[in-house]
Amino acid sequence: MDLWGREDPEDRIAEEKPQEEAARFSSHEEIAEAIRRCAACHLRQEGNLGPVLSSGPVPSPLMLVGEGPGGVEDDYGAPLIGPSGQLLDKALASVGITRDRVYVTNVVKCRPRGNRTPDIAEGRFCADKWLREEIRLVQPKVIVALGKAALRYFLGHEAGIVRSRGHWIDWEGIPVMPTFHPAYLLRQYGRDLVQSKWDVYYDLREAKERAAAAAPDWVWQSGTPPDLLAEFAAVRAERHAGQ
Ligand code: SF4
C-alpha cells in the first residue's frame, strides 16, 4: 500500500507465487507446453480461457511483441488475429512480409479482464518468466515492440510510445524498434490515422531492413498468405472444450 492506502501493483505481484529462476527449455514445443499450463499470476483468474501462445517460425530474424491477448485472441488461442492483427498483417504486407514469416507473441500471455493494458509489474512478471525464454529460443536479430506495454518491458521503466516510437533501443544486445500497437491505429481518425500508419510503415521498414541485413537468406514472403483463424480452429475448439 502507498501513503494514501492504495494498492501498489508491485505489492500485489510480489504476493503471488515467487518468480522461479527462468526455466531453460530445449525446444519451442517444450516452452509452449509449459506456457499452456501456467497459472502463476492473477491474470489467469481474470475470466480468460488461458495463456495465448505465439505464431510464426522458430527461429525467426524478426520478432513482434504485442501487449496481451484481446477477445478474439483469447477465443482462438493465437496472438494478434482480431481486428488489430488484421491491420498488422496489412502493415507487414506493405513492407513485403507475410505473417507466417515472422514470430509474433505478447508480453503477457493471459487476457486481462476487459482488455485493460497490463501494468508494468504484470508485464515484467510474465515476460521474465516466458518472453525472455522465447527470445532465447527464437533468436531474433531484431524485435519490434508494439505499443506501450512492450516498450516499457524492454526499457525497464515507464515511457510513452508517442515519443519513443521510431527510436532504437538496445535490449541485452538485441535491437528493439518501438512502434504503435495496431489497436492504437484503430482508435485514430483522419489525418492522425494517416500519419500513424506512415509512422508504423517507416518503423517496420527499418526493422525489416536491419533484420534482413543480419539474415540475408531469410525468405520474407510466402506464396499464399496464411489464414490464421483457420489454422487455429483446432486450438480454439480445444480451449473451449477445456471450459
Ligand atoms: S499472465 Fe503469464 S505468468 Fe500470468 S498466468 Fe498467464 S502465462 Fe502465467
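I take two strands to pair if DSSP finds at least two bridges between them. With that criterion I looked up Met63, whose bridge partner in β2 is Tyr103. The model I am reading is predicted.

**Entry 1: the sheet**

I first traced the strand order. Five strands form an open, mixed sheet, and I read the order as β2-β1-β3-β5-β4. The edges are held by β2 (103-106) and β4 (169-171); each has a single partner strand, so one side of each lacks a neighbour in the sheet.

I then went through the pairings. Strand β1 (residues 62-66) runs parallel to β2, and four bridges join the two. The pairing of β3 with β5 is likewise recorded as parallel, with four bridges. Within it, I found Val144 opposite Met177 in β5. By contrast, β4 and β5 run antiparallel and are joined by three bridges. Here Ile169 stands opposite Val176 in β5.

Two residues lie between its strands, and Glu172 takes a positive phi near 50°.

**Entry 2: helix α4 against helix α9**

I asked at what angle α4 and α9 cross. The axes of helix α4 (residues 83-94) and helix α9 (residues 190-214) cross at roughly 60° and come within 9 Å. An angle of 65 to 115 degrees would count as roughly perpendicular; α4 and α9 are therefore oblique to each other. I noted the crossing of α4 past α9 as right-handed.

For the residues involved, I listed Ala91, Leu92 and Ser94 on the α4 side, which meet Val200, Tyr201 and Leu204 of α9. Sorted by class, this contact has five nonpolar residues, one polar residue and no charged residues.

**Entry 3: helix α2 against helix α5**

I next turned to helix α2 (residues 28-36), which packs with α5 at an angle of about 165°, the axes being 10 Å apart. Angles over 145 degrees count as roughly antiparallel, and this makes α2 roughly antiparallel to α5. I recorded the crossing of α2 and α5 as left-handed.

Which residues make the contact? From α2 I listed His28, Ile31 and Ile35, and from α5 Trp130, Glu133, Glu134 and Leu137. The residues of the contact of α2 with α5 comprise four nonpolar, one polar and two charged.

**Entry 4: the ligand shell**

I asked how many residues surround the ligand and which are the closest. I found 14 residues around the ligand, the closest being Cys38, Cys41, Arg44, Cys110 and Cys126. I then looked up which element supplies the largest share of this shell: helix α5 (residues 120-138), with three residues. By class, I noted eleven nonpolar and three charged residues in the shell, with no polar residues.

How values were computed: Residues numbered from 1 in each chain as written. Predicted model: local features only at pLDDT ≥ 70, side-chain atom pairs only at ≥ 80, totals over all residues. Axes fitted to C-alpha atoms, helices over the stretch in contact; angles between N-to-C directions. Parallel < 35°, antiparallel > 145°, perpendicular 65-115°, else oblique. Left-handed = near helix turned anticlockwise from the far one by under 90°. Contact = placed C-beta atoms within 7 Å. Nonpolar A, V, L, I, M, F, W, Y, C, P; charged D, E, K, R; others polar. Near = placed C-beta within 6 Å.
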